[in-house]
Amino acid sequence: MSKTLSERAVHVLEWPRVLEFLARHAQSTVGVARCRSILLSSELADACLRQQETTEMVSLLNGSDPVPTLGFPDIREQLTRSRKGGVLESGELRDCAIVLALMAEMERYAELHKAETRALARILEPLHAATSLRTVLRAIEGAIQSDGSMKDTASPELRRLTHQAQELKQEMRQTLEQILHSRRYEEVLQESYFAQREGRYVVPVKADMRGRIPGIVHDVSASGATVFLEPRELVELNNSIKVADLEVEREVQRILRELTGLVASKAEAISQGIEVLVECDVIRAKAEISRRLKCGPVILNEKGRIMLKQARHPLLLIAKEHVLANDIHMDETVRVLVISGPNTGGKTVTLKIVGLFALMVRAGLHLPCAPESEMAIFTELHADIGDAQDLARDLSSFSAHMTQMIHLLSESATGPTSSAPSIQRSLVLLDEPVTSTDPHEGAALAEALLCRLAELNMKVVATTHYGALKELAQTTPGFANASVEFDVDRLAPTYRLFMGIPGGSSALEIAGRLGMDQSILNDARKRLRREDQRLDELMADLQRRQHQLVEDSEKARKARQEAEEAAREAQALRVRLEEAQQEARRGLKKKLGEQFQRARAEVQATVDSLKREQKLIKAKETKQRLHELETQAAQNLTPLVQAIPIEQLRVGDRVEITGLGMIGSLLEAPQGKKRVRVKVGEGEILAGVSNLVGLAHEASIDAAPATSTAMTPRRVSMSSGLGLDEQTVVDVRGQAADEALDQVVAALDRTALNGAPYLRIIHGHGTGRLKSVLREHLKDSPYVEEFRPGDRSEGGDGVTVVKLR
């Protein structure tokens with residue numbers, strides 16, 4: 001079979017309508033023409049590449065950075081003329097500039113999106129040479145206006161000549177104004193205005209008075225009452241203007257020749273760039289109809305595998321939005337699919353879907369079907385659909401169909417055989433083969449024809465009403481049945497396709513619904529063989545069962561989707577609730593932190609008063625007040641934190657040190673002890689058992705973020721051998737000065753109340769600013785008697801040791 005499509009196959013499949021729809025989405029005249037004559041791929045790799053190009057363009061169109069508009073003038077004829085020595089007009093050069101600017105814009109866009117355009121990069125590659133065309137673009141834009149006229153500044157000489165011509169014309173206008181207002185011309189002028197004729201300035205003079213003014217007549221009005229006269233005193237000035245205009249025109253032509261030469265020198269590169277723009281325009285048109293028809297890429301193969309899911313007829317989608325989708329399955333083992341069912345039931349629609357899809361994938365178009373679909377590449381396509389009667393050639397319908405089949409078989413017999421028998425390269429679509437003749441002979445001939453086509457390794461889809469073909473498809477390996485559904489009650493096709501079962505023609509039922517006499521229908525039923533009646537009833541029952549099965553499957557699918565959606569919503573709700581709970585905990589901790597800050601301020605004021613008054617009773621009251629606040633805070637946290645009693649804590653359990661708000665794990669059991677070792681971060685501290693709160697696993701995770709809040713020190717480390725605990729060491733390394741200062745003030749409060757003589761502040765070295773701020777504060781603190789840098793064993797100058805009063 002010929003590698004090109006037969007005209008009949010193109011016509012009966014309505015492929016030109018698809019191409020015309022594609023052309024309507026192109027933006028350039030060249031792109032429109034290219035869409036109407038689009039080339040089809042013959043190799044799998046090329047078809048996959050073209051499909052990927054469309055996929056990438058769809059992604060770009062859906063992105064935030066819009067693809068440049070690809071409408072541009074067709075300048076191919078101008079390029080050819082420039083190469084032959086012709087001079088381009090300014091408007092034609094303007095069109096060249098538009099194309100060059102678009103090429104530069106596309107080159108910039110391609111560079112920005114090169115990570116997203118791996119397949120398109122092959123087409124866009126020639127645009128990288130567009131950088132050499134920028135000199136041409138700048139030269140044209142420097143000389144030609146956007147409306148296609150020449151700029152006065154195109155060259156210094158043109159600017160001088162234009163200025164000179166304008167001065168002369170200005171002088172002419174002044175002279176004319178004097179003439180029009182002169183008493184000498186008052187009686188002879190027809191009207192008070194001046195005009196131009198043949199590039200020379202003239203005044204309208206009454207025809208019967210032209211002899212009174214010496215000069216040259218250039219024109220006469222239609223009525224003959226007015227002559228347009230160039231007075232003698234204007235002749236020399238008109239001559240000067242004419243010469244100036246000629247000099248301007250000569251310079252303009254020189255510039256046009258120079259610019260044309262630049263275009264001609266780069267004509268080959270410009271032609272390549274135009275080809276890139278055309279290809280991009282066509283690919284964009286493919287992407288646009290993919291978005292319009294809700295199409296997508298499919299898996300391509302060359303094994304004859306057709307596994308279409310939710311396939312829709314593209315031409316029906318163009319006409320209306322909602323089209324019933326069908327699954328069409330023909331794997332490698334199925335060579336012939338026989339579709340049966342009533343007339344107008346949608347058999348031919350299915351044929352055309354398969355045929356159009358075979359053409360669309362070769363053109364790089366996306367298919368209107370589910371993304372997990374597969375489609376084979378068929379380089380040879382034969383379609384015998386509709387009435388082929390040709391009275392001019394004296395061919396009946398039967399003769400015309402037979403002639404086409406004979407031609408198909410003869411070409412297949414003489415054509416090259418495939419070196420790989422498993423590769424099916426030919427697709428044959430037959431609409432009710434071998435009809436318009438004796439049914440028994442026609443059915444037998446149709447059986448033999450389908451068997452021969454299967455032997456020739458062709459992929460065949462055929463529609464039929466012949467019971468023998470349905471039986472053949474049901475019993476022969478490599479054959480398969482399918483049927484279309486027809487709603488007899490509504491006398492309307494449903495276009496639903498059922499794979500694997502044959503269908504009845506329902507001719508008597510349809511005739512009855514259309515109004516056929518009931519007695520005729522009863523007589524017809526009596527004449528039917530009992531076997532045929534039972535077969536029709538069986539096929540109708542099978543279709544009903546299949547229909548019910550499809551509906552049940554669809555309901556189950558929807559129920560599953562609804563259940564999955566409900567599960568997702570429940571999960572999202574749970575996450576939101578957890579986030580709300582955590583937010584509430586954070587809010588409560590923040591509120592308690594503010595309370596502690598107020599308490600510390602109260603304690604500080606009391607301690608100051610104590611130091612002034614030297615009364616022990618005041619200190620005890622203050623300590624009791626702080627204890628009450630801590631107890632109240634613990635009670636407020638009780639609903640949110642699941643505490644483990646001290647007597648149940650074991651080594652390794654998570655605990656919170658309420659005095660500091662830090663989280664750690666026990667290194668020893670607390671029962672019967674006043675202080676225990678707790679691992680915090682990478683170090684360990686000695687904490688009082690009364691300050692420990694056991695945390696459940698979930699609560700410890702939620703409470704962990706609180707260790708970095710501003711109300712408590714972030715981390716306390718133990719220096720080996722110093723015997724420090726959480727009351728005498730505060731670690732503020734890495735904190736902002738204000739945050740560190742708050743923690744040091746709080747630590748001084750606790751240390752003073754506990755009666756400890758020393759406080760060690762670990763601030764590190766860093767830039768030294770944190771150390772300076774803290775030590776400056778210690779100078780004025782009422783708690784501090786003196787302070788010093790730590791010695792080598794205490795951490796050196798990265799530590800400040802404070803002695804309290």
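Modeller: Strand β12, residues 459-464, is mostly covered, as 6 of its 6 residues are buried; buried means under 20% relative accessible area, exposed over 50% and partly exposed in between, with a 1.4 Å probe and protein chains only. Helices (H or I, at least four residues) and strands (E, at least two) are DSSP runs, numbered from the N terminus. This is a predicted model, in which local features need pLDDT of at least 70 and side-chain atom pairs count only at pLDDT 80 or more, while totals for chains, interfaces and linings use all residues. Residues are numbered from 1 along each chain as its sequence is written, and side-chain values use heavy atoms, with hydrogens and water left out.

Both faces of β12 are covered: K459, V461 and T463 are buried on one side, and V460, A462 and T464 on the other. Two strands pair if DSSP finds at least two bridges between them. Strand β8 (residues 336-340) runs parallel to β12 and is joined to it by 5 bridges, with V461 as the partner of L337. Strand β11 (residues 426-431) also pairs with β12 in the parallel sense, over 5 bridges; here K459 is the bridge partner of L427. Together with helix α15 (residues 439-455), β11 and β12 form a right-handed β-α-β unit, that is, with the strands pointing away from the viewer, the path from the first strand over the helix to the second runs clockwise.

As for the cysteines, the whole structure contains 0 disulfides, a disulfide being a pair of cysteine sulfur atoms within 2.5 Å. The sulfur of C369 lies 7.9 Å from the closest cysteine sulfur, in C295, too far for a bond.
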